[in-house]
Each structure stands twice: as structure tokens, then as C-alpha cells.
Amino acid sequence: MSTAQLRGSGGFVALLVAGLAGLVLVVALAVSLGELRVPLGTVALSVGNHLGLSSAQISRIQDSVVWDLRLSRALVAAMCGAGLAICGAILQSLLRNTLAEPYVLGVSAGASTGAVSVIILGIGAGAVSLSAGAFLGALAAFGFVALLSNGGRGGADRTILAGVAAAQLFNALTAYIVTTAGNAQQARDVMFWLLGSFGGVRWPEFQLLAGVMVVGLAVCIWHARALDAFTFGDDAAASMGIAVGRVRIVLFATTALVTATIVSMVGSIGFVGLVVPHAVRFLIGPGHLRLLPACAVIGAIFMVLADIVSRSLIAQQTLPIGIVTALVGVPCFSLILYRARRPE
Amino acid sequence: MSIRAENLIWRVGRKTILDDVSLAVEPGSVLGLLGPNGSGKSSLLRLLAGLRRPHAGRVTLDGTDIARIRRRDLARRVALVHQHAATELNVTVEEVVTLGRTPHRAPLAGWTAADAAAVETALAQVGMSGFRRQGWQSLSGGERQRVQIARALAQEPRELFLDEPTNHLDIQHQLELLRLISRLRLTSIVALHDLNHAAMFCDRLVVLDQGRIISHGTPDEVLTPDLLRDVFKVDCHFHRDDEGRRHILFR
């Protein structure tokens, strides 16, 4: 297999360094490109000014576009990509299912129910924002799954089935609310929200997400070696000293929290959490202490690129990001699947 | 006395899988666990390894109830090799054996010389040192079984439990593996199907049927035509070879 050379620790460090450099580059591009082009030099100066590293003269408009609009958006996109990829990797390992992704615990369906409750039913009477409603819905769905699967103790299959049941239930509730109470415009709004959008995210969203991500990432890295022990299933992990029940519930709750935060902010962006972990595993192998940081970097790059494409593919219009991640992701994934085929 | 089971009862739903099972193993000896399919051998090994809590009774390790020993501390003492180890991941042999070091490593601790030595020794003991870079998916059933045993040995246990370890192995590897187990001088409990192998390699035997211990003792005491007819529903006679060893011949 051609993957062997990247499996050494040298390969991992090289990938991580190249990835971080690539991330800085795509974020810079994301800030530079758009209706109003800002040269990369100006981007650097504007960021320098705000960080107190430089004091260059830049036009107010350019500065505002760079700092107030595009940088926060690009950084949120990067963190969403990182978060979804890590959550996907963890759930694939914990549930021992290659099709697991961040929404497998019903979080996205719950978020959509919460969102339509706010948009269409007006629950909360303006005091509850769309994001807060979505977040509460996501947690309600996760609670439902945790209850049905007996806190994850019922085994991987039961957890997946509970997630499917929750998704069906909450999607049905969403559809019910949209068809009975919504008008055409509201239905369109909901659909747009569900497909995901980074429009409207600014620094406050960045700060909230950064806080959640730091905690989430720390918990996940701390459990990286325990996740490795799940390679041969729950019983094997337990026989190697892993407190299976505790690790499961901690990681389910952490992934649900990270995913719920992301979904409530930018909608349910598909595909990143499913595909990036597979691609990274193919490159550097299944060890989680390397897999999780690498997933974070690659997921971040992928999402920022997808955001650039979604803004620039059609002039004057931004495509929902979920469409782009799937359109870009499927060909990449097909290539990986094709190359990873095993000789029979 | 190292590991001891006292009056274990284990149920799944309303079905009683293990009914009042007690046993003890001499340190450094090999105990063979015999019984037809569904007699409770795997369940008993799970209880002994602390993976399940018995509904009644207890398992003690040097006199301490294992329910009161931390999972991680227990995993440094006791290792279990499951019957069907399977994964979708493309892990290498070395990565699998490295998993055995899990209970010895703090969550973010580096790789120590002791870890490397344990993995090295374990690979050598099962004769898989030359396979370390090979992927799990490309191994034969027997090779996978040996890698799992190496993984268990990398835990550096004093008690080793194996659930039908000779399944999937050709006769050469079956004998090699059983010789390895008796050579290790660990306190071992091995679930086996082959009665002749049990007689050859185990110091003592326990026979389970429908969750109860039917017979226990040395192989010569336990393996009698009556027991084989009652428990395994086979007729047989015994043949003693030139070196004085007994062989079971089935009719």
C-alpha cells in the first residue's frame, strides 16, 4: 500500500505542518476573494493592525470587509470543518460503523425542529433566537437518543437505531410544522437554513464556537488512546482497561455538544464529517492521537475552500454550503474509494 | 491462589446462563474449560475477566473482589483473548499488539522502552515478529489469532483467559499455540473443544453443561466414557500409547 510512508511519525508531522500552512493560505484567500477583491498584502496589513502588530493606512471599507465580515466568517468555517470532521471520526470509531457521521445521533434533525419552531411557530416570541431554538432542539434529540439507547450501554447497533428513530421523529415534526403552519417563503427559508450558510456569522459566533471547540478538542484528544482500544469492539476495549460506559457517554455528549453548536450556527452541513475522517485515515492510518488533529486541519481546509466556492461559483449569489460540500466531496470520496479497493 | 470464582450466577433475560459456578486455579497452571456449545464457557470467561458483573456470587483475585479493582489495574493483571476479533480498520500487526499496552500508558504518555520491549517480546512469543508491518486485513485466521494473543501478552498479565483460541487454526498451529500457553507458565484458563488437546495440555479440567459444573479434576479423572456420553453425547473408548498417554477415540 502506498500509505505506508505517511504512517511514520515524520509523515504525520509533515502532514500537520503542511496542513496548517495550507489552512493559513486558504483562510487568506477566503478573506481576499469576493465581490470586493482585497489584495493579500492588504489583508495581512489589516489583520496586523487589529492584532496591534502594524499600523498601516488602509481604506475603511477594505478594512471593514476584511476584519468585520470575511475573517470571522472564514475562521468560523474553518472551525466548523474541524469540529464536524473530528466528531465524524469519533462516532465512526465508537459505533464501529463506517457510515457514522456527526448527525447520526439525531442532532441535526432536532436542530431543524427547534429552528422551525422559532421561524414559523414563533415560539419564544422573539426572545429566543433561531440559533438558541436550534441548539435546544438538537439537545432534545440527543437526550431522546441517549434515553432510547440506555446511555449508549445498549451497544453500537442500538445507538444507531435510536439515532435513526430520533431523526425520523424530528424530521416528521419539522415537516408537519412547515406544511401546516408555514407559507412558501418560510418553507424556502427553512430549506436554506437546513442546507447551511456562513452568511451572518461574525466575531460573537467565533468566540462562542472557539470556546466550545477548545474544550471539545481537549476532551477528544484526552480520549484518543481509549478510542484506539475500541478497534476490536467494546468487550476488547473493556478487557484492556477502558471504562467503556464512561468513555462512551463522555464522547457522545461532547460530540453532540460540538455538533449542536455548529448546526445551530450555520445549519446542518453534510458530508464533511463523513468523508474527511475516511480520507485522513487512508493517509495516516487509524491511530486517533494522530487522526484527530489531522482531521481537524483537513476538515478546516475543506470547509474554507467549500465556502470560497459557494460564494464565487455564481455571481451575485451564495450557494448553500451543504450543496458545495457534497458536490466537491463526492468526487474526492469516489477517488479515495477507487484507490482503496482491495484486491479480492 | 490467584483467581477464584465463588457461586457465580449470570442470567440473560430470564435464561440462566451460569448457575452456581465456583472454581479456583493454581498459580502458573492451565485450567481447561470444556463443554458443548452454549454451555456457558464464554460467559464464564467474561465474568472472570470482569467484563460483566455476576447477578450473584463474586470473582476474587488474590482474595480481592474484582468488582472493587479499577478497570485499568485489572487489565494489567488479567488479559482476555476473545473468540472472534474483527475490525474494519486497516491496522497493522504492530498497531494491534501496541493496543495491549493501553492499561500501562497514561492518556497522553509517550512510548517508553518498557512498552517497546513488551511488544517485541509478545510478537516473538507468538512467532509474528516478521509480520509487524503487515495489515490485519491481509492476515489468515490463524495469524489473526496469534496477533490477538500477542496483544494480550503485551498487557503483561499474570492471568490469561483464552476463548477457544485454536479455532481457525491448522493442526500445526493448534499444537504450537497450546504448547506456547503451557510454556508461558501464566495462570491460564482456556476454553477448548478438542478433548485430546485438553488432556494433553491442561493441568486440570472443568466441564460445564447448561451453565453448571458437571465435573472437575485432572484430565484422567474428568475424561471418562460416562461423562463423554452424558455431556457430549458421543461414544468413545480410550487408547493408551507407548508413552503412557491416553487418547480418546470416538466411535
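A residue is called buried if 20 or more other C-beta atoms, placed from the backbone, lie within 10 Å of its own. By this count, buried residues make up 42% of the 251 residues in chain B. This is a predicted model, in which local features need pLDDT of at least 70 and side-chain atom pairs count only at pLDDT 80 or more, while totals for chains, interfaces and linings use all residues. Residues are numbered from 1 along each chain as its sequence is written, and chains are lettered from A in the order in which they are written.

Chain B holds nine helices and 12 strands, these being DSSP runs (H or I, at least four residues, for helices; E, at least two, for strands) numbered from the N terminus. Its C-alpha trace spans about 55 × 45 × 35 Å along the principal axes.

In chain A, helix α5 (residues 107-119) and helix α8 (residues 184-195) have axes, fitted to C-alpha atoms over the stretch in contact, that come within 11 Å and cross at roughly 145°. Residues are in contact if their C-beta atoms, placed from the backbone, lie within 7 Å.

| Helix | Contact residues |
|---|---|
| α5(A) | Ser112(A), Ala115(A), Val116(A), Ile119(A) |
| α8(A) | Gln186(A), Asp189(A), Val190(A), Trp193(A), Leu194(A) |

Between the chains, the contact takes 18 residues from chain A and 25 residues from chain B. On the side of chain A that touches chain B, α10 (224-228) and α11 (234-239) are the elements that give two or more residues, and α11(A) gives the most, with four residues.

Note on methods. Contact = placed C-beta atoms within 7 Å. Axes fitted to C-alpha atoms, helices over the stretch in contact; angles between N-to-C directions. Buried ≥ 20, exposed ≤ 12 C-beta atoms within 10 Å, placed from the backbone.
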